[in-house]
Amino acid sequence: MTETILRIRNLRTYFFTRRGTVKAVDGIDFDLLKSKCLCLVGESGCGKTVTALSILGLIDSPPGRIVGGEIYYNNLNLLECPPDQLRRIRGKEIAMVFQDAQSALNPVFTIGNQIVEQVKLHLGATTREAKEKALSLLEEVGIPTPEKVANYYPHQLSGGMRQRAMIAMSLSCDPQILIADEPTTAVDVTVKAQILDIFNQLKNTRQMSLLFITHDLGIVSEIGDRILVMYGGRVAEAATVSGLLNNPKHPYTASLIRCLPDITQVKDRLETIPGTVPSLIDPPGGCLFHPRCDKALAICREETPPPFIVAEGHTVFCHLYSHLER
Amino acid sequence: MTNRLKNIKPIAQKVGDVKNSIFITVIALLGITLLLDIFVVEKIFNPLTYLYIVLGILFVRYGIPLLYTSRRLIQYYWQRASRNKLAVGGLAFILFLILLALIGPLFTADPTAVNFEEKNLPPPGFTLEESVYDLKTGQFITNRITGTTQHPLGTDDKGRDLLAMIISGARVSLQVGLFATGIAIALGTLIGVTAAYLGGKMDNVLMRFTDIMMTFPFFLLLVFIVFIFGPNLALIVIVIGLTGWTGTARLIRSETLSLRTREFIMASKALGASDGRIILSHLIPNVISLIIVIATLSIPGVILAEAALSFIGLGDPTVASWGMILKAGQQNLDTTWWVAVAPGIMLFLTVLAFNFLGDGLRDAFDPRSNV
């Protein structure tokens with residue numbers, strides 16, 4: 001079996017606001033394996049990004065706080081790490097790519113400059129070494145003229161180029177884990193494919209583990225090995241990508257897949273899931289999805305569903321499967 | 001795997017970087033000179049010269065590379081600013097003034113040379129009628145004194161050349177303006193950015209401290225300090241600098257508040273930047289345009305403050321600042337009017353030039369204005 005590089009157990013991140021406690025992430029578990037890609041999927045506000053920021057220890061406090069759980073990077077519990085050590089892990093061991101590279105790059109420095117600074121900071125390289133490294137990184141992410149692009153400011157680049165530059169920057173210290181927070185949302189379809197190629201390549205050539213946050217099931221099928229469907233800060237279903245896409249068990253996952261537009265069929269309206277994402281300040285009791293679920297049982301209103309194993313490596317948090325083994 | 005973690009280097013080690021080693025060598029040499037100066041030999045340099053040398057080295061080490069890497073930006077802003085003719089005029093005057101202060105004293109007479117033979121000479125083209133009691137005849141006679149080209153601005157009541165005094169006064173005024181503003185801006189920026197970035201309690205503490213400093217009657221404080229420690233230019237500069245940062249801190253803080261929520265700050269945190277690093281290399285470079293504008297607009301205030309202090313007689317008597325000359329001249333405004341007019345005009349023009357330049361820069365840096 002492949003080595004587990006990141007192990008998360010019962011992670012709970014709450015935000016204590018004036019209007020009440022927001023349970024943004026409420027007890028999720030997952031394992032990220034070496035050189036594999038785990039996709040976090042869910043609607044906006046289901047806690048995907050908060051999960052990522054929790055791993056890096058970047059939850060703004062106040063109002064946010066990680067109230068419980070364990071995050072193990074190799075054998076190191078990141079939640080018990082002193083801030084200084086955690087800071088050195090960020091970027092060097094675990095790096096993150098943001099959704100909008102336009103705003104995630106510092107507007108007043110050139111691309112090359114930003115990467116060079118990053119390399120110098122973490123690897124203690126000299127300026128010349130760092131420059132060479134920056135150019136080779138830019139080349140690795142498929143930028144055709146690295147020398148030229150390195151001298152550009154972020155606003156002078158196209159969206160796709162910027163996203164590549166952002167990826168190059170996050171790779172600058174050869175991290176073990178790359179967290180990508182919807183890195184393809186802000187770019188168009190053709191560029192999206194190229195960016196996904198880059199990620200696939202990185203996974204294979206660098207033996208890097210990817211934690212890929214997206215709401216696009218199409219992307220998941222392209223890049224993912226395992227998938228974790230989140231709903232309201234909890235895990236709804238966890239499975240291998242093919243297992244989940246071919247055979248979704250949770251009603252929520254099934255509706256998500258139904259919502260995908262199918263290019264081969266002409267439809268008047270696209271499918272939607274009725275209702276809205278539940279308020280996390282005042283969540284419904286029992287299963288969070290029950291108000292929108294067409295298969296809801298009486299028990300769904302009362303009890304939070306425990307995990308049921310429907311197949312090898314396929315867990316689902318739904319009372320419909322209560323006849324199965326936990 | 002834990003081995004990997006242990007190998008993380010704390011901070012980038014830049015040993016081997018040629019530029020840095022030269023820099024360190026020069027600073028070390030300067031330190032040795034300073035120690036020699038204090039303990040072994042008498043004066044090699046005077047204290048102010050050390051300040052100049054240090055500033056010069058810092059400029060060569062950090063300023064020139066920065067100007068070089070951002071040359072395109074500078075070009076762009078120059079293009080925008082140069083459409084404002086008043087600002088260009090202001091800049092030209094300031095550059096002229098700097099040149100005057102730097103190399104002017106090499107060409108003029110000694111500003112402290114007293115010569116009673118040539119006292120109260122008006123500028124060339126003007127005449128002064130003076131009633132003098134003639135000892136020989138025992139009568140009042142009218143002396144007509146005409147100006148000579150040797151003293152283009154005339155002389156004062158002790159026969160000192162006014163042009164030389166104005167030029168050495170320019171040096172004083174610029175020194176006061178630049179150094180005091182430098183101290184104030186550095187303090188204000190650091191406090192403002194830190195308060196905004198750290199937020200919460202730290203923000204509260206720093207900003208309430210700023211409020212307290214703001215309510216301090218700074219001119220009174222200055223008068224007090226001069227009264228206690230005696231008039232000394234360096235002291236005046238430091239006091240103006242240490243009290244004048246409050247407005248800057250507030251402006252910079254409000255600008256930083258919007259910056260700190262931007263994603264690139266989060267991104268650099270996610271890539272392992274420390275708080276100090278984010279403040280120094282991400283936040284401050286993003287407010288640099290504001291800093292430049294504030295600095296330019298606060299220099300005239302500082303120059304005027306020093307002039308005012310000199311005017312009420314609390315300036316450093318060993319340096320001929322414009323305020324000093326003004327004070328000396330205003331007592332005989334009815335006869336030797338040029339003594340007060342010359343520094344007055346210089347002060348007026350200097351303040352105006354800095355204000356024009358500041359306004360022009362503000363417009364150039366403001367992305368919403370389409371100058």
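Below are my entries, one topic at a time.

**Ground rules**

I am looking at a predicted model, where local features need pLDDT of at least 70, side-chain atom pairs count only at pLDDT 80 or more, and totals for chains, interfaces and linings use all residues. Residues are numbered from 1 along each chain as its sequence is written, while chains are lettered from A and ligands numbered from 1 in the order in which they are written.

**Chain A, overview**

I looked up the secondary structure of chain A and found 12 helices and 12 strands. Helices (H or I, at least four residues) and strands (E, at least two) are DSSP runs here, numbered from the N terminus. Chain A has a radius of gyration of 21 Å, close to the 20 Å from the globule rule for 326 residues, so it is as compact as a globular protein of that length. For that, the radius is taken over C-alpha atoms, and the rule is 2.2 Å times the number of residues to the power 0.38.

Next came contacts (two residues whose C-beta atoms, placed from the backbone, lie within 7 Å). In chain A, 62% of the contacts with a separation of 6 or more are between residues 24 or more positions apart.

**The sheet in chain A**

In which order do the strands of the open sheet of 8 strands run? I read it off as S6-S7-S8-S3-S9-S10-S12-S11 of chain A, with mixed pairing. Strand S6 (94-97) and strand S11 (308-311) of chain A are at the edges with a single partner strand each, so one side of each has no neighbour in the sheet. On average, neighbouring strands of this sheet are turned by 20° against each other, direction ignored.

A reminder to myself: strands of a sheet pair through backbone hydrogen bonds, either parallel or antiparallel. I count two strands as paired if DSSP finds at least two bridges between them. Strand S7 (177-181) and strand S8 (209-214) of chain A pair in the parallel sense over 5 bridges. A:Ala180 stands opposite A:Phe212 in S8(A). Helix H7 (159-170) of chain A packs on the sheet and touches S6 and S7 of chain A, with its direction at about 170° to that of S6(A). Such angles run from 0 to 180 degrees between N-to-C directions, and the axes are lines fitted to C-alpha atoms, for helices over the stretch in contact.

Which residues of helix H11 (251-258) of chain A are buried? They are A:Pro251, A:Tyr252, A:Thr253 and A:Leu256. Their cover includes helix H9 (217-223), strand S9 (226-231), strand S10 (234-240) and helix H10 (241-246) of chain A.

**Domains of chain A**

The domain bounds come from an automatic or database domain assignment. For chain A it gives domain 1 (4-93 + 176-321) and domain 2 (102-174). Their C-alpha centres lie 29 Å apart. I found 10 residues of domain 1 of chain A in contact with 10 residues of domain 2 of chain A. On the domain 1 side, helix H8 (189-205) of chain A gives the most, with 4 residues.

**Chain B**

Chain B has 15 helices and 2 strands. Its C-alpha atoms fill a box of roughly 110 × 55 × 40 Å along the principal axes. Of the 371 residues in chain B, 34% are buried.

The assignment gives chain B domain 1 (15-69), domain 2 (73-113 + 158-365) and domain 3 (124-154). The C-alpha centres of domain 2 and domain 3 of chain B are 41 Å apart. Here 8 residues of domain 2 of chain B are in contact with 5 residues of domain 3 of chain B.

**Where the chains meet**

How many residues does each chain bring to the contact? I noted 24 from chain B and 29 from chain A. On the chain B side, helix H1 (2-6), helix H11 (263-270) and helix H12 (275-286) of chain B are the elements giving two or more residues. H11(B) gives the most, with 6 residues.

Key. Buried ≥ 20, exposed ≤ 12 C-beta atoms within 10 Å, placed from the backbone.
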